[in-house]
Amino acid sequence: DWSEGAVNGDHLWSPTNASGDFCYVGEGDCTKHGGRMKCSACKIVAHSGCIGVLMDRVKFTCKPTFRDVGVRQYREQTCIHHHWVHRRSQKGKCKQCGKSFQSKLSFSSKEIVALSCSWCKTAYHNKESCFNLQKIGEECNLGHHVNIIVPPSWIVKLPRRGSFKSSLRKSPKKKPSSKKRSKEKVEKDPKTFVIKPIPTANVRPVIVFINPKSGGNQGTKLLQKFQWLLNPRQVFDLTQGGPKMGLELFRKVPNLRVLA
């Protein structure tokens, strides 16, 4: 969602039939109503009837994909924190102790075995000797794909028109003869998001364009895979208006690469 109504932390839900993943709201709050939905950005699962509970009561948001601040402040808060998610099953090894995560023999086990970051994919055992509260506020390095990820600090959502911050929007240069025409153009196509890249050594970000209907609908799986590995806002669905918006939005990003 690139509109003024875009909310930072919204999940990217799609239907799933994956087994073994329990509803993230927990047994006490789970309504067990509706189909099972999975977020492609943080890989949690919830019933469609539990999504409201997840956001309102549990208050578990997805990883932030943009900055909802004024343009003049975009350089001030460039730090990205880990986005920790409870996992009942986890592949790989714990970063702290180096041991593998125990896979539960019973599918009915609801024990949380790990916490992993949906940005850098680092995972720890769910015990104090491996994961302590200090890690919650730690800065995230975005993991193995840091050189191609567009950090959320680069993507700035402009204040709504008419708000006290609306002066941050770029005013068009108006000539006396074209004042009316310029005003009409701005009202017709106001910018909601801008990309403010912060030049960083070795960073060559990529934007991805995918048609989810291609390859016998294999494109959908590929789209969701990139949304998990990268910032979802650098992955574009070609059926939603084509590549024009993405190319225009990122056109001033240095060393940009395009994957289509």
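This is a predicted model: local features need pLDDT of at least 70, side-chain atom pairs count only at pLDDT 80 or more; totals for chains, interfaces and linings use all residues.

Me: How many salt bridges does the structure hold?

Reply: It holds 1 salt bridge. The side chains of aspartate 29 and arginine 57 form it, at 3.0 Å from N to O.

Me: Where in the chain do the two partners sit?

Reply: They come from distant parts, 28 residues apart. Aspartate 29 lies in the loop between strand E1 (13-15) and strand E2 (36-39), while arginine 57 belongs to helix H1 (residues 51-58).

Me: And arginine 57, buried or exposed?

Reply: Exposed, because its relative accessible area is 55% and the cut-off for exposed is over 50%.

Me: OK, on to the strands. What order does the open sheet of 3 strands have?

Reply: The order is E4-E5-E6, and the pairing is antiparallel. Strand E4 (84-87) and strand E6 (123-125) are the edge strands, each pairing on one side only.

Me: How much are neighbouring strands of this sheet turned against each other?

Reply: By 25° on average, ignoring direction.

Me: Over how many bridges do E4 and E5 pair?

Reply: Over 4 bridges, in the antiparallel sense, with strand E5 covering residues 114-117.

Me: Which residue stands opposite tryptophan 84?

Reply: That's cysteine 117, in E5.

Terms used. Residues are numbered from 1 along each chain as its sequence is written. Side-chain values use heavy atoms; hydrogens and water are left out. A salt bridge is a side-chain nitrogen of Lys or Arg within 4 Å of a carboxyl oxygen of Asp or Glu. Helices (H or I, at least four residues) and strands (E, at least two) are DSSP runs, numbered from the N terminus. Buried means under 20% relative accessible area, exposed over 50%, partly exposed in between (1.4 Å probe, protein chains only). Two strands pair if DSSP finds at least two bridges between them. Axes are lines fitted to C-alpha atoms, for helices over the stretch in contact, and angles run from 0 to 180 degrees between N-to-C directions.
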